Amino acid sequence: MPKTCLPALRDLIDVVRPARPVASVYMGSSPLRSWRSRWIRLADQLRSDGAGDDVVGAIGGALHRAHDADPSAGTLVAFAGGEVPPRVFQAPGLRHLDLAWFSSPAHVLPLLAWVQDRPPCVIAAATRETAELGTPDAEWMSLHYEDRHWHEGVRSVASAVAAMLVRQDARLLVVAGQDEVVAALWAALPAPVRRETTVRWVGTDLSPSRIEEEVRGAARTWTAGVLADFHERGRARRLGVEGVDETLGALADGRVDDLFVGQPEDVTATAWYGLAPTDVAPGQPVGSHRRCGLLADVAVRAALLTGTRVHVIASDTRQAPEDGIGALCRVPLTLVRP
């Protein structure tokens, strides 16, 4: 039975990998009609897109089991296809209308934006006698030490925090405690960890709502920083591309470091792609076996399968790239001959 869980970036990579059509279903968290009537409409949409009864039945069954297990789970997002076993994800806080696509590549952009706003983080609450460490979902631990040796104790806490940041592949630390304890904790972290980690101090408020606020605030700050870099370094120093043709060309050449995709996406813009991650183009050459897909989905697939960072941005952002798509590229190497 498919397990319902929160999505991670690695899950979306698995979903977009197939070149064949995949059913993508988003069921919003504020229904005005019954669950059954909403699903019937979405199932009809999948069939009109070309999905067979086997795919519709598989994804419908997975969604129904997830809903029955937790009717208050909020937005559910599911994928299924010939090469994708049914997968259901919870996305609490994702405000999305009911939507169903049977297309290639899979339509992951809204879920990718949700993941982007909730990066992995480590949470720490430290005092002169004890510390609690963990993540928003799991892996909590407690450390205890004597007040008169609290500096040594905090150094142990710092070592545990650094290890947890590595295990979680996180670069965000949300920390609570007195300022002198937090300062000592930060100073005791290894220098490489301090260089790569953003710390958000919350005083003594470690409520779930405050943690979520800080996590999403850090994510927005990171995205704004990369977008500013695109505007300053990419445009001024010609290290960026924007628009459909230039961006797809850079993806095809494998020289993209950061891809920017606007949301809501243009559902009329399309592109062509093949089996290889970098086989993308704005059109289909004669004799090509490429498939046609939504531009945003094609670009996101190419980026995710090549390890390229993807940033989903609001389409009306002042610094957004032309046509809602652009990229920061690697500096080309110059061959120096003797």
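Is Cys5 buried, partly exposed or exposed? In this predicted model, Cys5 turns out to be partly exposed, with a relative accessible area of 27%.

**View 1. A look at the cysteines.** The count of disulfides here comes to 0. Cys5 is in no disulfide, and the nearest cysteine sulfur, that of Cys121, sits 18 Å away. A disulfide is a covalent bond between the sulfur atoms of two cysteines. Cys292 is partly exposed, at 36% relative accessibility.

**View 2. An open sheet of 5 strands.** Read across the sheet, the order goes S1-S4-S3-S2-S5, and the pairing is mixed. At the edges you'll find S1 (4-5) and S5 (99-103), each pairing on one side only. Zoom in on S2 (residues 22-27) and S3 (residues 76-81): they run antiparallel, joined by 6 bridges. Tyr26 stands opposite Val77 in S3.

**View 3. Two helices on the sheet.** Helix H2 (residues 35-48) lies across S2, S3 and S5, and runs at about 150° to S2. Helix H3 (residues 53-69) packs on the sheet too, touching S1, S2, S3, S4 (84-90) and S5. The direction of H3 makes about 150° with that of S3.

**View 4. The two sides of helix H9.** In H9 (residues 244-253), Val244, Thr247, Leu248, Ala250 and Leu251 are buried. Down the helix axis, these buried residues fall within an arc of 155°, so they line one face of H9. Asp245 and Asp253, on the other side, are exposed. What do the buried residues of H9 pack against? Their partners include strand S11 (240-242), strand S12 (256-263) and helix H10 (295-305). Just after H9, Gly254 takes a positive phi of about 70°.

Note on methods: Residues numbered from 1 in each chain as written. Predicted model: local features only at pLDDT ≥ 70, side-chain atom pairs only at ≥ 80, totals over all residues. Heavy atoms only, no water. Disulfide = S-S within 2.5 Å. Buried < 20%, exposed > 50% of the residue type's maximum accessible area, 1.4 Å probe, protein only. Helix = DSSP H or I, 4+ residues; strand = E, 2+ residues; numbered from the N terminus. Arc of directions from axis to C-beta. Contact = heavy atoms within 4.5 Å. Pairing = 2+ DSSP bridges. Axes fitted to C-alpha atoms, helices over the stretch in contact; angles between N-to-C directions.
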